[in-house]
Amino acid sequence: MAIDPHSAFEALIEAWQEFHAAVMETEDGEAPRVLRAADRLSDAYTVYDDVLFTSYGVEAPFDTFDEDDDIDDIEDFDDADEDFDDDFDVYENFHDADEKDDDEDDR
C-alpha cells in the first residue's frame with residue numbers, strides 16, 4: 001500500500017512538533033524523550049523523502065545520517081559544505097567591493 005504524500009507530510013510536521021516540545025520541556029539533548037522524538041523525526045523525514053521520490057521523482061533537500069553510515073560518506077558531505085562556504089565567502093567579498101564602489105561614487 002502506497003503512502004499518500006500529504007499524509008507523509010502531516011506525519012513529518014507532527015514529528016517536528018513532538019521533537020520541539022521534547023526539547024523545550026527537557027532542555028537536555030540526551031533525555032530519553034528527546035532521543036525518541038529525534039528518532040521519530042528522522043524516520044518521518046525518511047518516509048516523506050521516499051514518498052516524494054516515489055510519487056514525483058523529487059528528493060527533499062536534506063540528508064540524514066545514523067551510526068550505520070560510512071564515515072567517509074559524511075566526510076565527503078562535509079567537504080561539499082566547505083566548498084559551499086568558500087563560494088559564499090566570495091559572494092561576501094563581492095558585496096563588500098560593491099559597497100566600496102558606492103562609497104566612492106558618493107564623493
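So, Tyr-48: buried or exposed? With a relative accessible area of 16%, Tyr-48 falls under the 20% cut-off, so it's buried. Bear in mind that this is a predicted model.

Now, what does that ring pair up with? A search of the whole structure turns up two aromatic pairs. In one of them, the ring centres of Phe-9 and Tyr-48 sit 5.8 Å apart with the planes at 45 degrees, so we call that pair tilted. Phe-9 belongs to helix H1 and Tyr-48 to helix H2, so the pair ties together parts that are 39 residues apart in sequence. Phe-9, for its part, is partly exposed, at a relative accessible area of 35%.

Tyr-48 also shows up in the largest nonpolar core, which has 10 residues. Among them are Ala-8, Leu-12 and Ala-15, along with Leu-41, Tyr-45 and Leu-52. Which elements give two or more residues to this core? That would be H1 and H2, and H2 has the largest share, with six residues. As background, nonpolar side chains in soluble globular proteins tend to be buried together.

Leaving out residues up to four places away in sequence, Tyr-45 touches Leu-12, Ala-60, Pro-61, Phe-62 and Thr-64.

Okay, over to H1. This helix runs over residues 5-26, and at 1.5 Å a residue its 22 residues should span 32 Å; the end C-alpha atoms are 32 Å apart, so that agrees. Its buried residues are Pro-5, Ala-8, Leu-12, Ala-15 and Ala-22. They cover an arc of only 105 degrees around the axis, so they're on the same side of H1. What covers them includes helix H2, residues 32-56. On the face turned away from that buried side you'll find the exposed residues Gln-17 and Glu-25.

Of the 107 residues, 15% count as buried. Of the contacts with a separation of 6 or more, 41% are between residues 24 or more positions apart. And the accessible surface comes to about 8,700 Å², with 51% of that belonging to carbon and sulfur atoms.

Methods: Residues numbered from 1 in each chain as written. Predicted model: local features only at pLDDT ≥ 70, side-chain atom pairs only at ≥ 80, totals over all residues. Heavy atoms only, no water. Helix = DSSP H or I, 4+ residues; strand = E, 2+ residues; numbered from the N terminus. Expected span 1.5 Å × (residues − 1). Buried < 20%, exposed > 50% of the residue type's maximum accessible area, 1.4 Å probe, protein only. Arc of directions from axis to C-beta. Contact = heavy atoms within 4.5 Å. Phe/Tyr/Trp six-rings, centres within 6.5 Å; stacked < 30°, edge-to-face > 60°. Core = buried A, V, L, I, M, F, W, Y, C linked by side-chain atoms within 4.5 Å. Areas by Shrake-Rupley, 256 points an atom, 1.4 Å probe, with all protein chains shown as cover.
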